[in-house]
Amino acid sequence: MKAILVPLVTIALLAALAAVLPHFLNPYLLRIVLLIGINIVLAVSLNLVNGFTGQFSIGHAGFMALGGYTAAMVSLKLGQGAAAALMVAGMPQPLAQGLMFLAALVLGGILSAIAGYLVGLPSLRLRGDYLAIVTLGFGEIIRVVILNVDAIGGARGLPGIPQWSNFFWVFLWAVIVVVVSRNLAHSTHGRALFAIRDDEIAAEALGVDTTRYKVLAFVMGAFFAGVAGGLSAHNDAYLNPSSFTFLRSIEVIAMVVLGGMGSISGSVLAAIVLTLMPEALRGLKDYRMVIYALMLIVLMITRPQGLLGTRELSLPWGKRKPQGARGPA
Amino acid sequence: MKLRTWLAASALALSAFIAAGCGGASSGKAELVIGEYGSLTGNDATFGQSTKLGVELALAELATAKGGKLGGLPVRVVVEDDQGKAEEAATVVQKLINQDQVIAVIGEVASSRSLAAAPICQSNGVPMVSPSSTNPKVTETGDYIFRMCFIDPFQGTVMAKFASTNLGLKKVAILQDVKSDYSVGLSQYFKEAFTAAGGVIVAEQAYTAGDQDFSAQLTSIKGKNPEAIFIPGYYTEVGLIARKARQLGITVPLLGGDGWESEQLIEIGGDALNGAYYSNHFAVDNPDPALQGFLTKFRDKFKKDPDAIAGLAYDAANVIFAAVEKLHADDPTAFAGLSSAKANSAERKAATAKLRAIIAATNGYAGVTGTITLDDKRNATKPAVVLEIKGGKKVFNTQIAP
Amino acid sequence: MSEFLQQLVNGITWGSVYALIALGYTMVYGILRLINFAHGDIYMLGAFMGLFAARWFNAAGDPSPMKAVLVLLTSMLICALIGMLIERLAYKPVRKSPRLSALITAIGVSLLIENGGVLVFGASPQFFPQIIPEKNIALGMGVTLSNQQMIVLIVSVVLMFGLRMLVLHTRVGKAMQAVSHNHMAAALMGISVDRIVTFTFMIGSSLAAAAGVLVALQSPKIEPYMGIMPGLKAFVAAVLGGIGNIPGAVVGGLVMGVAEVLVTGYISPTYRDAIAFVLLIVILLVRPAGIFGKAVTEKV
């Protein structure tokens, strides 16, 4: 009973919020809320790789680009037409568009996940910084390839993507990625990931198939990064390869590290803080990015373990303590 | 780690959010707020900074001429930095429109950022005047989007015409900035027009803005023996390319577009640029008093020479100022809707719609970058001039009409 | 053939710059296991310090080899001091923290230098004066080399040899090797780890500054964001050669430079930025520790 009720209530709650929020927030503030949601999806999904498994990936923007471009092309070539056809057939607009949007996002995510598998399988044999630099390389290669494909706009970018992202969809995915991460943390698979993070050799000695689990985390991270790319594409109605440089990956890593490696709520919190901080600093004009950089340094010096360390915030009325996330990073 | 931390964390997030929300909130005073967004930081920072100076000069002139007021209301320009990122451009334009309640927006230089921001201006009914985005798609977004410059097809065609007719060339190589849609667009139209005129493109090479080494591309171009090299990039790289080309023993003329326009072009390229030609919005040796006045004032105020981007931004600001004044003269009731006191009202919507119509009707406006007439696609039509570089000076060579 | 030789010469000159930057990366990594993301920005600062020094000495108005050397040394010295400052203020406090935190600190420092650079130097590019008037030297077979390219090559080689002598044959160099093997053991042997780390940063930063001046000499456009890409690629070069390995960084830099130039010249310039990474991935899959890196067996 509960298994059905909880998702239904969540969806109803999100739909109600999506309907109500535009009356309280102007489009600018609403956009920032959506950016926060997209960054939550990115940060929590990267946390699966960097935080849970202790692997160091800096290619998240590459997966995001792959998913974003795939979802955008699906919507442009098929989704828009199909949604129109469904509406003619009598389906209400939000449902028809929603179905097509969901399909585009999932396809984008799947393509990213496949890429994640292809990249992950050979490269996860590498350790630490070598893996980092390979993922970085992968991200850059994806970007350069997109830059060279005229069919998807090349350097000029891809305009005219339907603007389907809204509060409901963005936060539905944010909730999904948090729930999946949380359930993973409590499962056998999750324990295996933590074991790899804490001591890979010991984990292997205990019979954990380290490569398989690392690839699993990597593929899941890539899937959600792809979805986030799709959400972002349908939010901006425009894609440009220059949005997916390694600096974008770095922004997401900063969220994971600032939140505390392995802490889901930490990633969420840091995604919120690091999206709002540059906005809040706008008044400083030319000094904005300098202050932002200084704050990043000071935060890292004063709280190197991140805002939450490896702990989780639990809701005051929450019941379970996610002990799986404990332990040294 | 329970309730207290949760509260603290939520408070932190909330306060940051409120700070973000209130940072630029409109004052509700009776004033006219105009928005400007550009890359003040990031790889293209020089574009945003130049635009900012052009607008600042227009504003300073307004202050001396009319006490900084249009139709009796003080004018304020809010400048936002998009860090050279498309998604950030969309965010700041949302902010300008919803927080600062601007009546018009100036920006951007790079077409990619203009394309990201244009749909927002369009759907909010706020006129957006791009000083220098040359991609045709920008103004195709909708009837609230304008530009002050000519578009890629025109400029590319101009140089192709010049190369084949005026210089009588048959074999040209192209060296384009592959990450700049401006450069890619120009190359594409140059190629089309040049081959249509019977010429051959013997080599197509590319670089990316920020590169510091061009020897490989030029060595390869040299092997193809072209009669000229078309380099539709920005002056920042062109000077380096010219020097490298001469170093490698390439002596053929170099051709380019308005991205070359800057005093620093000669500073860096030096003698290597002699015999090069490029299309531009104005010739510095043009005695036109408006242009000469602009050059003098700009040098006085900022102690350096303006580039074309600053000139176009200056024109963009002045076109908006002129439109606002015209609205005040024609229809004072509608004009009142532009005041910040009327933000979010039906009068505001009606006023910006009227402002849009006035901007769209811009005809024969004597700007410093040429006489600006907006066509039915809201693009400026104006003649291009071709400049030749001779002995370290830019000399007017010919004028090519649209 | 002559075109190919010319490309090769171009590639080696360009690669020697990567090598100089990569050396700093590799040294810092060898000692601290920290990817110093701000290293590319020190390279940028080096170019700017060279510019100011050149103005100060009026090296362009009245060029002489003496002044050129002076400009190079001034820039190296100032950047060494900046490197020391960065290490003391930003990196030392996070040395005992998780490595990713240190990495984020490095990214913060990098952002700080870049955006601070915009505030201090301005965003528009500035032009490095011609402190050595350019001359072309024909090498035969249709290959030309400018005297500036030659200087880049010579100075790079001198600095690399100097570094090798320093690391292998001096007390402080031996101490650096010891620290890179094991901090604790080195400390127990009476080596002041803090001092060696600071010293390493100073050497690394001064090499990056030298690279900045050398690049500015032949390609004189300098701006606050110029260090990002070369910094990233130099890091790739360091990994390519086997990170932490000094000859590896040099070879990695040269391989990268030549590969980039050949791809640009013969395949497609648009893939220039990608080739570095393709090469890297291929090499790492074949030799996971880089060309010269030693595979380290992990102790249980």
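**Figure 1. Helices H3(B) and H4(B) come within 8 Å, axis to axis, in this predicted model.** Helix H3 covers residues 86-98 of chain B, and helix H4 covers residues 111-124. Their axes cross at roughly 30°. Angles under 35 degrees count as roughly parallel, so H3(B) and H4(B) are roughly parallel to each other. The crossing is right-handed. H3(B) brings B:Ala86, B:Glu87, B:Ala89, B:Ala90, B:Val93, B:Gln94 and B:Ile97 to the contact. H4(B) answers with B:Ser112, B:Arg113, B:Ala116, B:Ala117, B:Ile120, B:Cys121 and B:Asn124. By class, nine residues of this contact are nonpolar, three are polar and two are charged.

**Figure 2. A cis peptide bond links B:Gly107 to B:Glu108.** Omega of this bond is near 0°. B:Glu108 sits in a loop of chain B. Strand E4 (104-106) is on one side of that loop and H4 is on the other. H4(B) is the helix of Figure 1 that crosses H3(B).

**Figure 3. Helices H7(A) and H9(A) cross at roughly 105°.** The view shows residues 188-198 of chain A, helix H7, with residues 210-236, helix H9. Their axes come within 10 Å. Angles of 65 to 115 degrees count as roughly perpendicular, so that is the class of H7(A) and H9(A). A:His189, A:Ala192, A:Leu193 and A:Ile196 make the contact from H7(A). From H9(A) come A:Thr210, A:Tyr213, A:Lys214, A:Leu216 and A:Ala217. Six of these contact residues are nonpolar, two are polar and one is charged.

**Figure 4. Chain B touches chain C.** The contact joins 28 residues of chain B to 27 residues of chain C.

**Figure 5. B:Lys303 has a positive phi.** The value is near 55°, and the residue is not a glycine. B:Lys303 lies in the loop between helix H11 (289-302) and helix H12 (308-330) of chain B. Within 10 Å there are 7 other C-beta atoms, so B:Lys303 is exposed. The cut-off for that class is 12 or fewer.

**Figure 6. C:Arg33 has a positive phi of about 55°.** This residue, too, is not a glycine. The loop that holds C:Arg33 runs between helix H1 (2-32) and helix H2 (39-56) of chain C. C:Arg33 has 15 C-beta neighbours inside 10 Å and therefore counts as partly exposed. A buried residue would need 20 or more.

**Figure 7. Chain C carries 11 helices and four strands.** Its radius of gyration is 19 Å, close to the 19 Å that the globule rule gives for 300 residues, so chain C is as compact as a globular protein of that length. The C-alpha trace spans about 60 × 45 × 35 Å along its principal axes. Buried residues account for 60% of the 300 residues. Take the contacts in chain C between residues at least 6 apart in sequence: 76% of them join residues at least 24 apart.

Note on methods. Residues are numbered from 1 along each chain as its sequence is written. Chains are lettered from A and ligands numbered from 1 in the order in which they are written. This is a predicted model: local features need pLDDT of at least 70, side-chain atom pairs count only at pLDDT 80 or more; totals for chains, interfaces and linings use all residues. Two residues are in contact if their C-beta atoms, placed from the backbone, lie within 7 Å. Axes are lines fitted to C-alpha atoms, for helices over the stretch in contact, and angles run from 0 to 180 degrees between N-to-C directions. Helices (H or I, at least four residues) and strands (E, at least two) are DSSP runs, numbered from the N terminus. Angles under 35 degrees count as roughly parallel, over 145 as roughly antiparallel, 65 to 115 as roughly perpendicular and the rest as oblique. A crossing is left-handed if the near helix is turned anticlockwise from the far one by less than a right angle, and right-handed if clockwise. Ala, Val, Leu, Ile, Met, Phe, Trp, Tyr, Cys and Pro count as nonpolar, Asp, Glu, Lys and Arg as charged, and the others, Gly among them, as polar. The radius of gyration is taken over C-alpha atoms; the globule rule is 2.2 Å times the number of residues to the power 0.38.
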